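Please walk through this protein with a focus on its charged side chains. Where do they pair up, and where are they left at the surface?

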Amino acid sequence: MNISYNWLREYLQFEMTPQQTADMLTSIGLETGSVEEIQTIRGGLEGLVIGEVLTCTEHPNSDHLHLTTVNTGNGGEPLKIVCGAPNVAAGQKVVVATVGTRLWFGEEEITIKRSKIRGEESFGMICAEDEIGIGSSHDGIIVLPPDAVVGTPAKEYYNVKSDWVLEVDITPNRVDAASHYGVARDLAAALTQAGIPCKLQKPSVDAFAADKTDGGIEVIVEDLEACPRYSGLTIRGVTVQESPDWLKHRLQVIGLRPINNIVDITNYLLHETGHPLHAFDAAHISGNEVVVRTLPEKSKFVTLDEQERELSDRDLMICNSDEGMCIAGVFGGLHSGVTMETRDIFLESAYFNPTRVRKTARRHGLNTDSSFRFERGADPNNTLYVLKRAALLVKELAGGTIEGEIRDIYPTPVEKATVNLAYKKVNSLIGKEIPAETVKNILRSLEIEIEQENGEELTLRIPTYRVDVTRDVDVIEDILRIYGYNNVEFSHSLKGNLSYQTATDRKHKLQTLISEQLTAAGFSEILNNSLTKKSYYEPLTSYPAPHCVSLVNPLSGDLSVMRQTMLFGGLESIAYNRNRKQGDLCLYEFGNCYRYDGEKQQQEQILAPYSEETMIGLWLCGKRTRKNWAAAEEQTSVYELKAHLENILRRLGINGNGIRQEELQNDLYSTAMSLRTRKELIGSFGIVHPQLCKLFDIDTEVFYAEMSWDKLMQESDKKSVSFTEISRFPAVSRDLALLIDQGVSFAQIEKVARTTEKKLLKQVALFDVYEGKKLPEGKKSYAVNFLLQDETKTLNDKQIDGVMKRIRQNLEQELGAELR
């Protein structure tokens, strides 16, 4: 938020430089990022001087240029200046930009240089209004009155003043400081504590009085929950016109565009007091009444930005007797605002429910100065003061008469919160014993009332504008920031409870273990947003869009749903890296995935159709090894991904025999396998579908695996660590060269073999694949190794041959395999 230094000094009399003020604000929690000098005219008219045109003749090589000599009062020779203005003449007093002067044309800065124009030298420029920023006319040069003194700097002639803009970062809980008076109030407390003389003064509204006690527009509040207080006032016979310079300058310095005197007054008071106001054209208030209510669901309303919006039945509206005029606390309507033709106005100063304002603003994607303050909590007991202040300014700058008394609907006044504060707790939390009198002085400077006091405790009444102070610890925080963090000395002793363990939960320990394993294997950990695009899921059947958990008020369309799968976040990371020439990637991520299942809720009558599951995702793409003297270049593959998955399962103590791999049809993949226990699916891996890669402009294969970490933990819990003695009896290896159909996978061969012999068969491995000439069409050759071992005795040939015969027969019967 921008705070004007000069404006701030209207409420607080103190002697500090702008930078010292910024440092003081930062020290009390109002962090000030920058201090920028601003002049009433950009550039401050530096280098410009008042001059007199001594001679003016036609340019010999142009029909519209003039050769002039100009006295600038520097005691030297007159300047030769080529001028193209049609109104230049000898004897005129003008504004001259000498060589080296910098001028602003919009956002572009130019420097005046010595130049030749059509063969004639020019040592400066005679300026027009728009060239120095004092107006918009470019019809000719500025001609000053005859009494203008030659040699006077232009910044003195135009009375250019400097101001400084302090960029104050307001935290969400400190809406009380979102105004010039709010900052002045906090600064006054800090200066008082530091012993620096200062005087805080609030503009008086004692002069307020209604010109006519009867009449005025009536107010009806139908929704008191959404609008606990509404104050309004009618002023007739105003003159809407351009604001005076002082008001325009105040707004321009903090980055606001002046509109007209009425609208500018509401903006000025918003930034003076922090309380939003709204001015309605009374001619558009039909029925002579303002009604605060909601409109039916899907009602249409056109806002000031000329956008037609569809309203919710929870959007509070300010209406006349026929229609809506304004979205309460958020944005005005197109037709009810003040224009140059307005003659009668109705001023609104209200307090709206913060939650209702926030939800409405998010629902319509609006973020205004008004909604910013209302949704954080305005002061319900400040509406009358701000309304009276506005009325006085309107009468001063626009004339008019106040018709009728203020309409103030406030059935349930908000009382000041009560907090009990113990000195012992103050000293304990701050870490230093602060004198009781110092504590009380700080509280008084913060306008916190001391209602009752005993030797050890204070009973306090908190101002209603401090919506963030509800507990004793909140008060202690305020005491500390005003007392000064730097005034709390470091202790010579250190008290702490140190532990070398970063996590005690087994789930997190194992997560750290697997993270270290993957990192050691060359993977990089990524962390993606759980919010993602709904459009990713719309073409999918495995993860349909209706099963996405949708946000009611998303920040943007790109962050509108919770992710169902980790895949898309990883693809975004891969695309980002590949676009920056980092194409060989091994990535992993732990995170939660979310799912909504309304059908399951109806069928099983469950209360919560939402599920949340912790997942681990792995992504591989690019080259496995780059070409070097020791190894040839090699592309990564899905088999490498499978190896990493098996290593994870092995590290978690999950027996590989307990996890089955089966072919999977899933539209995330072009080819995929599922990982299953006897009861449920725990994960999948495969080659990401090319259409999804194309969606992210990834022009290489991506291999992806996803496993449920929660289910892995359940499986890991079932496993106990045990050991077996190394067998004293040798293992026997046998190979089979099998001729099989192209559609038969190694997983099927292994499954048949292990089903055939469960006791003696220890390992099945594929060590060669051949597809080519001399094989029948539609066939391929697998060379498979079988490892047999008996833990109690040495196998003889008869036993070995019997096992291999049964395996061969079952492979022939179930898969149509033949021995080559």
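**Charged pairs, inside and out**

D478 and R481 form a salt bridge, with their closest N and O atoms 2.8 Å apart. This is a predicted model. The two residues sit 3 apart in helix α13 (residues 472–483), so about one helical turn separates them. An α-helix has 3.6 residues a turn, so residues three or four places apart point the same way. Both D478 and R481 are buried.

The pair belongs to a network. Salt bridges link R174, D176, D186, R466, D468, D478 and R481. Within it, the side chains of D176 and R174 meet at 2.8 Å, N to O. D176 and R174 are both buried. The structure holds 51 salt bridges.

Another one joins R356 to E225, with 2.5 Å between the closest N and O atoms. This pair links distant parts of the chain, 131 residues apart: R356 is in helix α8 (residues 354–363), and E225 is in the loop between β15 (218–221) and β16 (229–236). R356 counts as buried because its relative accessible area is 7%, under the 20% cut-off. E225, at 43%, is partly exposed.

E31, E36, E167 and D169 form a negative patch. E36 lies in strand β3 (residues 32–39). Its relative accessibility is 48%, so E36 counts as partly exposed. E341, in the loop between β23 (331–332) and β24 (344–351), reaches 63% and therefore counts as exposed.

Helix α6 (residues 245–253) has buried residues L247, K248, H249, R250, L251 and V253. Their cover includes β3, β13 (162–168) and α10 (383–398). After α6 comes G255, with a positive phi near 95 degrees.

Definitions and conventions: Residues are numbered from 1 along each chain as its sequence is written. This is a predicted model: local features need pLDDT of at least 70, side-chain atom pairs count only at pLDDT 80 or more; totals for chains, interfaces and linings use all residues. Side-chain values use heavy atoms; hydrogens and water are left out. Patches are made of residues with over 30% relative accessible area and no salt bridge: like charges are joined within 9 Å, nonpolar side chains (Val, Leu, Ile, Met, Phe, Trp, Tyr) within 5 Å. Accessible areas come from the Shrake-Rupley method with a 1.4 Å probe; for residues, only the protein chains shown count as cover. A salt bridge is a side-chain nitrogen of Lys or Arg within 4 Å of a carboxyl oxygen of Asp or Glu. Lys and Arg count as positive and Asp and Glu as negative; His and the chain ends are not counted. The place of a charge is taken as NZ of Lys, CZ of Arg, CG of Asp or CD of Glu. Helices (H or I, at least four residues) and strands (E, at least two) are DSSP runs, numbered from the N terminus. Buried means under 20% relative accessible area, exposed over 50%, partly exposed in between (1.4 Å probe, protein chains only). Contact means heavy atoms within 4.5 Å.
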